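Here is my note on the ligand site. Please read it with the structure open.

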Amino acid sequence: MDAIKMLQGKKILLGVSGSIAAYKAATLIRLLVKEGAEVKVIMTPAAADFITPLTLATLSRNEVPMNISDHSSWNNHVVLGRWADVMVIAPASANTIAKMAQGLCDNLLLAVYLSATCPVIFAPAMDEDMWHHPATRGNVDKLISYGHQQIPIASGELASGLFGEGRMAEPEQIVAWLQQHLPKASNNNKPLRGKTVIVTAGPTIEHIDPVRYISNHSSGKMGIAIAEALADAGANVQLVLGPTSQQTTHNGVTTIRVQTAQEMFDQVTARYPNAAIVVAAAAVADYRPANVADKKIKKGEAQLHIDLEKTPDILRSLGDQKGPQQLLIGFSLETNNEKEYALKKLREKHLDMIVMNSLADAGAGFNYDTNKVTLFDKNGKETSFPLKSKQAVAQDIVSAIIELQHA
Ligand code: C5P
């Protein structure tokens, strides 16, 4: 693709923090503007010790706010974050990276970062020892787990006079990196535009009597994150959601609330002929009481036996009827023999991909905000990811789905 077109018209919000590399922001802005990008700059007060806001305002042709309020006016951090297709923090100092990792917002740049809904990219710059300190390592890992992307750090002469890792990538390298990676990160890119996608999420409940039910610990967080990531990619998402307090307000997602496996089956089956992709992230109950008592069962004998019957296996049924253009993605959550069971489900339910997570992994599974998954696709490809936020895991899953579509 033509490199010039890649940044043409892109709205880039450049956050400049306090590092000697802040002087490179001037060249970076000039190059981005030359590539046709619309650039707005915000800087931390510490950055102004290294380069003046006037220089950056002149080059970007926009005001450069630094504080949450300037005299009597308030700089609306939410509006700035929403304006951008992408937020690039370059240079990202050790201090700013640490604050981003912790969610602190004691300056405008951090407030914009915290409220930004666009992809975030950061180019670190610091002394080598700071870069290698375990605190910085942990903070960078955290930012990556939030789904942000890091522009590789460079080696060479440092401001301290030492040689080593810690230099911010040169402005030319940052522009080249953005040209290569921005289409993937940008909100403007909608590879699933026009596709209808069904996502199942949450638990189901299976009634025993008017008071009691059988269910499981699923929160629906993973499925909702996937529904939102699919909608971000342009899909029209129908989220068939079991009983959970979690919800989404994403305008690309229509939520259909259900309670039982049978209701989920009925809602999904009715929508299936129009769906290009189904992601079954719900923890559907495998069994339900064979008879639901119409009155509350009274306490009586020492033991109570409830006969259970199988619920319909939604995903298996979809797999059996799958059309040539449809993609089916399932989940596998096990406590043992995880890979073997996952591959068995992939095969037997005629899936295109299965997402394996294990309850044995710390931080993964029910109710956590993080997850650790391995993807297996029908072509034998296996990809393992580290522990990440469920939003970042959802991004990885959606990227793999988009790749499968083109395979
Ligand atoms: O076979 P197992 O229940 O472990 O498979 C899990 C996968 O199948 C998940 O994607 C889950 O959403 C789906 N499933 C389903 N209907 C069921 C049981 C599981 O769609 N009744």
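The points below go from the model to the ligand, then to its pocket.

1. This is a predicted model, where local features need pLDDT of at least 70, side-chain atom pairs count only at pLDDT 80 or more, and totals for chains, interfaces and linings use all residues. Residues are numbered from 1 along each chain as its sequence is written, and side-chain values use heavy atoms, with hydrogens and water left out.

2. The ligand is surrounded by 13 residues (a heavy atom within 4 Å). Ala280, Ala282, Pro312, Phe331 and Lys345 are the closest. By class, seven are nonpolar, two polar and four charged (Ala, Val, Leu, Ile, Met, Phe, Trp, Tyr, Cys and Pro count as nonpolar; Asp, Glu, Lys and Arg as charged; the others, Gly among them, as polar).

3. Polar contacts pair N or O atoms within 3.5 Å. A polar side-chain atom of Lys345 lies 2.6 Å from a ligand oxygen. For a polar side-chain atom of Lys349 the distance to a ligand oxygen is 2.9 Å. Leu315 places a backbone N or O atom 3.0 Å from an oxygen of the ligand.

4. Alone, the ligand exposes 440 Å², and the protein buries 85% of that (Shrake-Rupley method, 1.4 Å probe).

5. The ligand sits in the second largest pocket (more than half of its atoms lie within 2 Å of the grid points). On a 1 Å grid over the protein atoms alone, a pocket is an open set of points where a 1.4 Å probe fits, with protein on both sides within 12 Å along at least five of seven lines; lining residues have an atom within 4 Å of a point.

6. The second largest pocket is lined by 42 residues. Ala282 and Phe331 are among those nearest its centre.

How values were computed: A polar contact is a pair of N or O atoms within 3.5 Å; within protein, one must be able to donate a hydrogen and the other to accept it, and residues adjacent in sequence count only if both atoms are side-chain atoms.
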